[in-house]
Amino acid sequence: MAPLKILICGGGCAGPSLAFWLARAGHRVTIVERFPALRASGAQIDIRAQGIEVVKRMGLIDVVRSKVVDEAGMSMVDANNTPKATVLANKTGKGAQTVTSEFEIMRGDLVRILYDATKDDVDYIFGVTVERFEQYEDHVEVHFSDGRTDTFDLLVGADGQGSRIRKAIQPADAPEPYRRLGMYMFYWFVPRAEMDTNLAKAYHCPGGRVVMSRSHSPTEAQAYFAFRDESEETRSILKGSVEQQKEFVTQKFRGAGWQTDRFLEGLKTTENFYCQEIVQVRTDTWYKNRVVLLGDAGYCPSPLSGMGTTAGFFGAYVLAGEINRNSEDLPQAFANYEKTLRPFIDEIQVFNKSFLRCMFPDTQWGVSIMHFIMGTICFLRIPELVARFSSEERGGWKLPDFSSSVQDQQV
């Protein structure tokens, strides 16, 4: 079978993961990334469940393990930094992960690992994105932001939850793809202090607010500020300048207690700052003709699920396998991809918004009750026992075996 000429829009984690498998099968793969260089930055992410098995099959588990963040678990603390409940990571190699995964890693490190694993076999073009495209019976004509035009056998939209590729293939009457969870998160890096240990810490304060810290290096720590809010006014702050966003979060959390003021002081000079509305991406259209969506572009489960990176890895593995198996019948490949993956995505996107009111209480009384309940659960070691005796694979979904289709493609 002749190799396909494939364009992937998006050079984060999901896109290069797909490129890894496609290039291994002999396809000609190009990745365009709108940032002018490799975007090896971002906060701490994790790999769980089926994602771990995919990384093992890629042969990258050892290099990933060499870059993991040394995080022993997570503690809920009060204003005096007194632990109220602690959940330790399950690092036995057996069972499911807890709140802290065995494979916590900085996004930048994972991006570099995937780039290094693919750069010799995949063409990367930085500072360019897909401006528009037209589909024909036997190819996709792509117009790039730098004025160039080229043709490909297929186009993959791995361009994140704000995907322009997704918007282009949705029906005109399609509903908004975002399920809004009424949550916002701001995060940035600050200088590490003595209180920053290898335990992540979460401090709850009234008003549905949470401040969390994590330490990923001897010199830096991460500050996460999250809160509940469903107003349109707050949503508009995401369109403001960085200075406006910093001022907003400062006013929202000033004087909240614990290490809040220290983190807000670090906010003034940080070079790593990001904010986002917490959403899920839900769409009935994962593909159209020769264009298909991957990762957050098609099915972001939200950061609260802890499954975003895993969904991207799992999706890339399945999509590549079906393309290799059905390279002369792409509609069938995409249909199989959706049939295999959608039940898994439906499961990881199950989320009860009322749960947020319990975990982000409005009052100090609510915070105290949550601390008591979680403290009792952790004292009885229930999270550790559940993880130890649960399946490593989320929902029991098994990874398909595509090894024969890769061999057939290479013949």
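This is a predicted model: local features need pLDDT of at least 70, side-chain atom pairs count only at pLDDT 80 or more; totals for chains, interfaces and linings use all residues.
**Group meeting: strands and aromatic rings**

Residues are numbered from 1 along each chain as its sequence is written, and side-chain values use heavy atoms, with hydrogens and water left out.

Okay, a word on terms. Helices (H or I, at least four residues) and strands (E, at least two) are DSSP runs, numbered from the N terminus. Two strands pair if DSSP finds at least two bridges between them.

Back to β14, then. Strand β13, residues 199-205, runs antiparallel to β14, and 5 bridges join them. Their hairpin has 3 residues between the strands, and Gly-207 there takes a positive phi near 95 degrees. On to β15, residues 220-228: β14 pairs with β15 in the antiparallel sense too, over 7 bridges. A hairpin of 4 residues joins β14 to β15, and Ser-215 has Ala-221 in β15 as its bridge partner.

So is β14 mostly covered or mostly open? Mostly covered: 7 of its 7 residues are buried, and buried means under 20% relative accessible area, with exposed over 50% and partly exposed in between, using a 1.4 Å probe and protein chains only. Look at the side chains: Arg-209, Val-211, Ser-213 and Ser-215 point one way, Val-210, Met-212 and Arg-214 point the other way, and all are buried.

Next, another sheet. Here 3 strands form an open antiparallel sheet in the order β8-β9-β10. The edge strands, each pairing on one side only, are β8 (130-135) and β10 (149-152). Between β9, residues 140-144, and β10 there are 4 bridges, and Val-140 has Phe-152 in β10 as its bridge partner.

Keep an eye on Phe-152. The charged end of Lys-5 sits over the Phe-152 ring, 5.0 Å from its centre. That label applies if NZ of Lys or CZ of Arg is within 6 Å of the ring centre and within 35 degrees of the ring normal. Arg-148 lies over the face of Phe-144 as well, at 4.7 Å from the ring centre.

Now for rings with rings. How many aromatic pairs does a search of the whole structure find? It finds 26. Rings of Phe, Tyr and Trp (its six-membered ring) pair if their centres lie within 6.5 Å; planes under 30 degrees apart count as stacked, over 60 as edge-to-face and the rest as tilted.

Take Trp-21 and Tyr-317: the ring centres are 5.3 Å apart and the planes are at 80 degrees, so this pair is edge-to-face. Trp-21 is in helix α1 (residues 14-24) and Tyr-317 in helix α10 (residues 308-325), so the pair links distant parts of the chain, 296 residues apart. Both Trp-21 and Tyr-317 are buried.

Then Trp-286 and Tyr-337, with centres 5.7 Å apart and planes at 50 degrees, so that pair is tilted. Trp-286 lies in the loop between β16 (273-281) and β17 (287-288), and Tyr-337 in helix α11 (residues 330-348), so the pair ties together parts 51 residues apart in sequence. Trp-286 is buried at 2% relative accessible area, and Tyr-337 is buried at 0%.

One last thing to look for: an aromatic cluster whose members include Tyr-184, Trp-188, Tyr-203 and Phe-225.
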